[in-house]
Amino acid sequence: MTDKKPELSAAMKRKLQPKVFKKNPIIGTKFTIAISSAKGGVGKSTFATNLALALKQIGCKVGLLDADIYGPSIPKMFGIKEKPKSDGQKLEPILKYDIQCMSIGFLTDQETPMIWRGPMVTSAIKTFTQKVNWKDLDFIIIDMPPGTGDTQLTFSQDIKMDGAIIVSTPQEVALLDVKRGIKMFDKLGVKILGLVDNMSYFLGDNGKKHNIFGEGGVKRTAEEFKKKFLGEIMIDPIVGKAADDGMPIVELDPNNKISKIYIELASKVKSEFIK
Ligand SMILES: Nc1ncnc2c1ncn2[C@@H]1O[C@H](COP(=O)(O)OP(=O)(O)O)[C@@H](O)[C@H]1O
Ligand SMILES: [Mg+2]
């Protein structure tokens, strides 16, 4: 009997090393922040557009990248109909409301479905992160698709991500997906800046608060996973209407009470990165 351990070959040692991915920064931008949640329809795009505009309001230079290849929302929510120019090498982002924007929806007909396999989605994401002339940005806000699929993996493994904000509505079905989303980012080493409770309540004409989807679910989930709870955004038809009309509420009316909530959230995000 000998207690000498068998020597591992160099190749075997390499194999056993945890895989380290080479993460590229998005050229032209300081901080990359993803707006995510594994569920669709919880208000990620609404949040991403308004957060981008709120960061602009407090003096940051901001880009907005629509990473939802199958269901892009930025063209509609920002009212952009033009196509981006290309110099043969790189695409020029479209400047709207002083935000540099890019979306697959600028390149395709709005009503044509994107019937693409995963590798094509990955390749589109690479184009948008490496072949767009993003210029002097403090923040680029990434509007993520629902799910925990190719897009999330590509961003987490190939791109230097500085944080993710998880948006959810408070009902249990949404929270179940959110928990999966949190675990995914934790596993892939992307820092979660915090959770936001969107459409958390409705204020009646008499000032009475109605918790349509239940109360406190997002905050409890944040506590369960030891993440920050960033705040609540109430449900208000004007938020949806402004997005549908192509000018999100923060741009339409920066003094609206919901715009003020977005601006406060933007200040929290900014102070995490810029002192
Ligand atoms: N705080 C809010 N108040 C009212 N409507 C909202 C609010 N947040 C989102 N919405 C609406 O909910 C719908 C889904 O939002 P969207 O941002 O497209 O979700 P996601 O990107 O998660 O799929 C849209 O019609 C949007 O206008
Ligand atoms: Mg969306």
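The largest nonpolar core holds 70 residues, and Ile35, Leu51, Ile141 and Ile142 touch the most other members. Such a core joins buried Ala, Val, Leu, Ile, Met, Phe, Trp, Tyr and Cys residues through C-beta atoms within 7 Å, where buried means 20 or more other C-beta atoms within 10 Å of a residue's own, with C-beta atoms placed from the backbone. Helix H2 (residues 44–57) gives this core its largest share, seven residues; helices here are DSSP runs (H or I, at least four residues) numbered from the N terminus.

A word on the model: it is predicted, so local features need pLDDT of at least 70 and side-chain atom pairs count only at pLDDT 80 or more, while totals for chains, interfaces and linings use all residues. Residues are numbered from 1 along each chain as its sequence is written, and chains are lettered from A and ligands numbered from 1 in the order in which they are written.

Now for H2 and helix H10 (residues 257–273): their axes, lines fitted to C-alpha atoms over the stretch in contact, come within 8 Å and cross at roughly 75 degrees. H2 is therefore roughly perpendicular to H10 (65 to 115 degrees).

Here are both groups by class, with Pro also nonpolar, Asp, Glu, Lys and Arg charged, and Gly among the polar ones.

| Group | Nonpolar | Polar | Charged |
|---|---|---|---|
| Contact of H2 with H10 | eight residues | two residues | one residue |

Conventions: A residue is buried if 20 or more other C-beta atoms lie within 10 Å of its own, exposed if 12 or fewer, and partly exposed in between; C-beta atoms are placed from the backbone. Helices (H or I, at least four residues) and strands (E, at least two) are DSSP runs, numbered from the N terminus. Axes are lines fitted to C-alpha atoms, for helices over the stretch in contact, and angles run from 0 to 180 degrees between N-to-C directions. Angles under 35 degrees count as roughly parallel, over 145 as roughly antiparallel, 65 to 115 as roughly perpendicular and the rest as oblique.
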